Structures are given as C-alpha cells and as structure tokens.
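Work through the exercises below with the model at hand. Each task is followed by a stepwise solution.

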Amino acid sequence: MTERKRIDSWLSDMDGVLVHEGRPIPGADEFIKRLSESGKKFRVLTNNSIYTQRDLSVRLAGAGLSVPAESIWTSALATAQFLDDQRSGGSAYVIGEAGLTTALHEVGYVLTDLDPDYVVLGETRTYSFTQITRAIRLIEGGARFIATNPDPIGPSTEGSLPACGAVAALITKATGVAPYFVGKPNPRMMRSALNEIEGHSETTAMIGDRMDTDIVSGMEAGLFTILVLTGVTQRDQIDRFPYRPSLVVDSVADLIDLI
C-alpha cells in the first residue's frame, strides 16, 4: 500500500461510487456535501459521453446529490480537449449524443461527413448501421479514428447494451484501424481532470469502483487510488490484478473523515 499523504484535491468516478442505477449510494450525499464545504477542488468523472455537464448535474440532483455542472468531467470533454490540442479548429464525423457534439462545438470543431480529419465514436443508445458504415468508409478514406472510451457494454433496465468499445471493435474489424481511446483507463483522462482543478498528482486522490479502469488509470497518473466496494470490483477480486489500490474501503461513507 502507498503511504498516504495529505489529500488536497479529489477525483471520483460516478457510477458505482456515488450512484448505482440512478440511486445514491449511502453516504455519497454527505461525502459531496463535505467536499463542497471544505473548499477543496474536486471533479466527478465518467466515461459516459452521452450527457453534457449540466445534464449530469441535473441527473445527480435527482438522486439527491448536489454536484455543480462545472465539477463534472466526462470522456466527451476529455476527447474534445485532446482533439483541440492535436488539431485545433479541425473537423470530425461524430457518432454520439449531445454530450460529445456539444463539447466538440465548444472547442471550435466542425462536424461533417465530408472529408473530416477524424471519425469520433462516442456513446449513444441508438447506434445506426448507416452511421457505422459511413464511419468505416471515412476511415478507409484516411480519417483518423478516435473513441471516447473502451467500455464494451453499458447497463440498462433490460440488461446489457453494446457500448462504445464494442462498436469500435466492429469498425476496427472492418477497417483494420484501431482507435485511440481517450477515456479511462487512459491516464490522460485523469491528467486532463487534474489540470482542470490545477491539482498535483501527489496530493490528489482518485476514487473508483473498478480495478481495470479507475484504479489502473489513477495509478498510472500518479494519484493516490481508493477502491470502493460498492460497484464492479469486489474484495476477493483485487488480488487477481498485478497492481493494487492505495486504499480499499467499503464505500465513500468511509472517506468523509479524510476530507
């Protein structure tokens, strides 16, 4: 285990840490309240690129969690920032929802299917075979392939849904071109969020419920990593991984006194 230093700023995953299937995890409301009152900078992270910051803030409020829109960081925002850094004022053919298209518009990107610089694949509840076919042909024509996150499936009330990673695999199989994934477990997602709060890796904690995304990307970004057991990874699964979190707790309720 890594020796704990003073934590001055916080990053936290959303699903499995603060909420589960739209309901708050016990202690999450007090955790967020304590963070807000402390004045410490924080960001709530999600690989979901469907929603804008404001959308997610309202959805969290519906679960009883008061998180300002500006305190939310999504894979869509990280992707837009990445593309702006790589090719400012570029163009992209986008498969995704408002969270992604809004983020790209805000950095000055033109969304087009006419010889775009990039094909950008995000999350959507209605993947279109027509759009996927167009993406394949554009990539074959030389467009660079970017995807917001590698998650293969997403949850729904009816069961699993194919997500960005699964559709990216389909496009890769058809084109022979693998995408660059911006979201977790890419540590760039953590670094971009860290830059947003002007935090330092040595004094920032990352809370997550998945060893294979939250913890590994937090570790690779040099953060103090905290695994909560209210989501995907359970205690008896931790030793299956070749790396360990800095701290393991039952839930965010156990972290309130650390703020």
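**Exercise 1: a helix pair**

H5 passes H6 in a right-handed crossing (the near helix is turned clockwise from the far one by less than a right angle). The model is predicted: local features need pLDDT of at least 70, side-chain atom pairs count only at pLDDT 80 or more, and totals for chains, interfaces and linings use all residues. Residues are numbered from 1 along each chain as its sequence is written, and side-chain values use heavy atoms, without hydrogens and water.

Task: at what angle do H5 and H6 pack, and which residues meet?

Step 1. Helix H5 (residues 129–140) and helix H6 (residues 164–175), both DSSP runs of H or I with at least four residues, pack at about 45° with axes 10 Å apart. Axes are lines fitted to C-alpha atoms over the stretch in contact, and angles run from 0 to 180 degrees between N-to-C directions.

Step 2. Ile132, Ala135, Ile136, Ile139 and Glu140 of H5 meet Val167, Leu170, Ile171, Ala174 and Thr175 of H6, with contact meaning heavy atoms within 4.5 Å.

**Exercise 2: a second pair**

Task: at what angle do helix H3 and helix H7 pack, and which residues meet?

Step 1. Helix H3 (residues 75–86) packs against helix H7 (residues 187–196) at about 90°, with axes 10 Å apart. H3 is therefore roughly perpendicular to H7.

Step 2. Ser75, Ala78, Gln81, Phe82 and Asp85 in H3 meet Arg188, Met189, Ser192 and Glu196 in H7.

Definitions and conventions
Helices (H or I, at least four residues) and strands (E, at least two) are DSSP runs, numbered from the N terminus. Angles under 35 degrees count as roughly parallel, over 145 as roughly antiparallel, 65 to 115 as roughly perpendicular and the rest as oblique.
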